[in-house]
Amino acid sequence: MRYGAGPEVLSDVAFSLEPGSFHFLTGESGAGKSTLMRLIYLSLRPTRGLVHLFGRDVATLPRDSVPGLRRRIGVVYQDFQLLDHLTAVDNVALPLRVAGARGPDVKKHVSELLRWVGLGERLGAKPPTLSGGEQQRVAIARAVINRPDLLLADEPTGNVDDNIGVRLIQLFEELNRMGTTVIIATHNFGLVDRFRYPRMDLEDGALRLIRG
Amino acid sequence: MLIRRQTDIPFEQDSAGRLLPWIVAIMIYLSGVAIAGAIALNGLVSTWSSGLSGALTIQIPADAETAKARQQADAVLALIRKTPGVGQARRLPRQEVLRLVRPWLGDDTGAGDLPLPILIDVRAAAGAVIDTAVLSAKVAAAAPGAVTESHARWAGRLIGLARSIWLVALLVVALIGLATVLTVVFATRTGLRIHRRVIGLLHLIGAHDRYIARQFERQALWLSLQGAVIGIAFAIGTVFGIAHLAGKIELQPATGAIFTPLQWGIFACVPVVAALVALLTARITVMRTLRRMT
């Protein structure tokens, strides 16, 4: 994978994820973690090589089929990507609305999840009024609200203290126990060591699998 | 934007969107006035058409207001009444002829002393046609110097002119409609550029192009409807104002009677049609642009 005429960011990457598995994705800054994540959540198409997602080759995927696959993937972006004009509840409800869900149950379900991540008092707050950690938890709630088959989290614990970080990983574990495949890109080796899940390590464009 | 709506896309940050209702209001105002003019003109054309077709005026010269001229007028009247197709013929009383010349000569000119022509008003029977050429020859034989004037020729020219103005009014409405469509296309494309990041995020969350297009089309519908209601309200105000002035010079009955209920209905449909056109324009623009974007 390369951007334009630049150097190849990812060159030797071959892996397959079992449904229901849990992996950490590690590597130096600039190693290509975000690029790999973007390839998986269909934000980028590979310049060479193959990406198969849920049994389908993304290169030959018709345009109309892409949203269906994306709805099966929850993503926690490093920069959160929250919509500043919407409240925390509306931000988290976005994947449900996009999928066509409506009605009071949506708000109730979203409110419960936000309470679970410790934002019960901030339901009506808009992102610019939330701290970095609070925004991150809203972003996580949005990624998991529709129980995705695959959860990708890019530095999900970067802006929260260790206690909240542990709690968030436990939330991912809970989803994982319900069948969601989880990949967490992180620099936080404390968490990686604590939870001891298999690790995919990127270095010089190559990916190496390290058992937890 | 006049009134805000909660949407996934932050349209309130969109400067093109803020201007759209006012642009649409101006367009709809102009369309409304043009349509009102076309409807009113159509009504006038119908009135003229029905009032003047089959009508003739026979004029016996002004210097002939003598016993001889009166005899000629009686002879012409008798002749006309025997002519096939004539429904009604009457000699206009002198007071009525005076009233006809008053707008040109005024009240205080002593017009009463002027030698006025004898006028005979002839109307065809319902569904009948009078052969003007034959009648004119007979009238000339009975009253040398008399002039037979068919209103149909004059009315035909007037109606032709009125219809041309009516077509121009429709063309103006069509051009205003096109300008509105282009404005919505521009505003929508600008919105797509401004909200590119949010649209990208919605796509990544799993939104179909149709979901995004729906947001833009509802926004276009909402903004256009606001502008169109304002525009048509001002257009109705203008129409009533003009009707009031027209009523003062007895050109048309004042206010309400200028349009039939059906015509008012057509007028009221203008904002709805404008809003629906804006909706469809936004939908097509978004769908086509998104297909090119990714």
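Predicted model: local features only at pLDDT ≥ 70, side-chain atom pairs only at ≥ 80, totals over all residues.
Residues are numbered from 1 along each chain as its sequence is written, and chains are lettered from A and ligands numbered from 1 in the order in which they are written.

Chain B contains eight helices and four strands; helices (H or I, at least four residues) and strands (E, at least two) are DSSP runs, numbered from the N terminus. Along the sequence the elements of chain B follow the pattern α-β-α-β-α-β-α-β-α-α-α-α. The domain assignment divides chain B into domain 1 (11–49 + 156–293) and domain 2 (62–145), with bounds that come from an automatic or database domain assignment. Between the C-alpha centres of domain 1 and domain 2 of chain B there are 51 Å. Of the 294 residues of chain B, 32% count as buried. A residue is buried if 20 or more other C-beta atoms lie within 10 Å of its own, exposed if 12 or fewer, and partly exposed in between, with C-beta atoms placed from the backbone. Among contacts in chain B with a separation of 6 or more, 83% are between residues 24 or more positions apart; two residues are in contact if their C-beta atoms, placed from the backbone, lie within 7 Å.

The strands of chain B form an open sheet of four strands in the order β2-β3-β1-β4, with antiparallel pairing. Its edge strands, each pairing on one side only, are β2 and β4 (147–150) of chain B. Two strands pair if DSSP finds at least two bridges between them. Neighbouring strands of this sheet are turned by 20° against each other on average, direction ignored; axes are lines fitted to C-alpha atoms, for helices over the stretch in contact, and angles run from 0 to 180 degrees between N-to-C directions. Strand β1 (residues 55–60) of chain B is joined to β4(B) by four bridges, and the two run antiparallel. Leu56(B) has Ser150(B) in β4(B) as its bridge partner.

Arg91(B) belongs to strand β2 (residues 86–91) of chain B. Arg91(B) counts as partly exposed because it has 18 C-beta neighbours inside 10 Å. Leaving aside neighbours within four places in sequence, Arg91(B) is in contact with Ala73(B), Leu77(B), Ile118(B) and Ile120(B). Ala169(B) is 78 residues from Arg91(B) along the chain, and their C-alpha atoms are separated by 41 Å.

In chain A, six strands form an open sheet in the order β4-β5-β6-β1-β7-β8, with mixed pairing. Strands β4 (73–76) and β8 (206–210) of chain A are the edge strands, each pairing on one side only. Within the sheet, β5 (residues 150–154) and β6 (residues 181–185) of chain A run parallel and are joined by five bridges. Leu151(A) has Val182(A) as its bridge partner in β6(A). Helix α1 (residues 33–40) of chain A lies across β1 (22–27), β5, β6 and β7 (199–203) of chain A, and runs at about 155° to β5(A).

Two residues of chain A have a positive phi without being glycine. Phe80(A), with a phi of about 70°, is in the loop between β4 and α3 (88–98) of chain A. Phe80(A) counts as buried because it has 20 C-beta neighbours inside 10 Å. Asp204(A), with a phi of about 55°, is in the loop between β7 and β8 of chain A. Asp204(A) is exposed because 10 other C-beta atoms lie within 10 Å.

Where the chains meet, 11 residues of chain B are in contact with 13 residues of chain A. Helix α6 (residues 196–205) of chain B supplies five residues, the largest share of the side of chain B that touches chain A.

The largest nonpolar core has 97 residues, and those with the most contacts inside it are Val92(A), Leu114(A), Ala141(A) and Ile28(B). Such a core is a set of buried Ala, Val, Leu, Ile, Met, Phe, Trp, Tyr and Cys residues joined through C-beta atoms within 7 Å. Helix α1 (residues 15–52) of chain B gives the largest share of this core, 13 residues. Apart from it lies another core, of 16 residues, including Ile58(B), Ile120(B), Val122(B) and Val139(B).
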